[in-house]
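Please view the sequence and the model below before reading on.

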Amino acid sequence: PVDTIKRVVPQIISHGKIIRPGLGISIVPDSMEERMTGSDKGIIIGTVVDKGPADKAGLRGMTQDKYGRVYLGDIIVSVDNKDVNNLDDIYQILENKKIGEEVAVKYRREDKVLTTSIRLQAISSN
């Protein structure tokens, strides 16, 4: 779309790459997620960037104990009251946000649904 081109081309010219707003997380691929949770609702946080926005908000990524058992990270179910069920959903929501803007993130941790605010940081992609 023209709006995307207008936003992206100046960034490539100025910085040599695209800079987008992000939460400071990586997520478990969609193909693995449903097998791990038995659900297609939400996205599992794989890792949280140390001292990044999600870390500061207290979100948790997946962990593994000394015996190799894997424990699920938090599962993001919505951002600014928009459902998040896969990687495309989160990209679509964040595409319309600005770096430094705060978003409301609803997530599941064990059997609880919690909400926090996260200030978006710059992430780059080549």
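A search of the whole structure finds six salt bridges, a salt bridge being a side-chain nitrogen of Lys or Arg within 4 Å of a carboxyl oxygen of Asp or Glu. This is a predicted model, in which local features need pLDDT of at least 70 and side-chain atom pairs count only at pLDDT 80 or more, while totals for chains, interfaces and linings use all residues. Residues are numbered from 1 along each chain as its sequence is written, and side-chain values use heavy atoms, with hydrogens and water left out.

**A network of salt bridges**

- Asp80, Lys97 and Glu101 are linked in a network of salt bridges.
- In the bridge between Asp80 and Lys97, the closest N and O atoms are 2.7 Å apart.
- Asp80 lies in the loop between strands S6 (75–79) and S7 (82–83), and Lys97 in the loop between helix H4 (87–95) and strand S8 (102–109), so the pair ties together parts 17 residues apart in sequence.
- Lys97 also meets Glu101, at 3.8 Å from N to O.
- Lys97 is buried at 16% relative accessible area, where buried means under 20%, exposed over 50% and partly exposed in between (1.4 Å probe, protein chains only).
- Asp80 is partly exposed at 24%, as is Glu101 at 29%.

**A bridge between strands**

- Glu102 forms a salt bridge with Arg119, with the closest N and O atoms 2.8 Å apart.
- Glu102 lies in strand S8 and Arg119 in strand S9 (residues 112–119), so this pair ties together parts 17 residues apart in sequence.

**The whole chain**

- The protein chain has four helices and 10 strands; helices (H or I, at least four residues) and strands (E, at least two) are DSSP runs, numbered from the N terminus.
- Buried residues make up 32% of its 126 residues.
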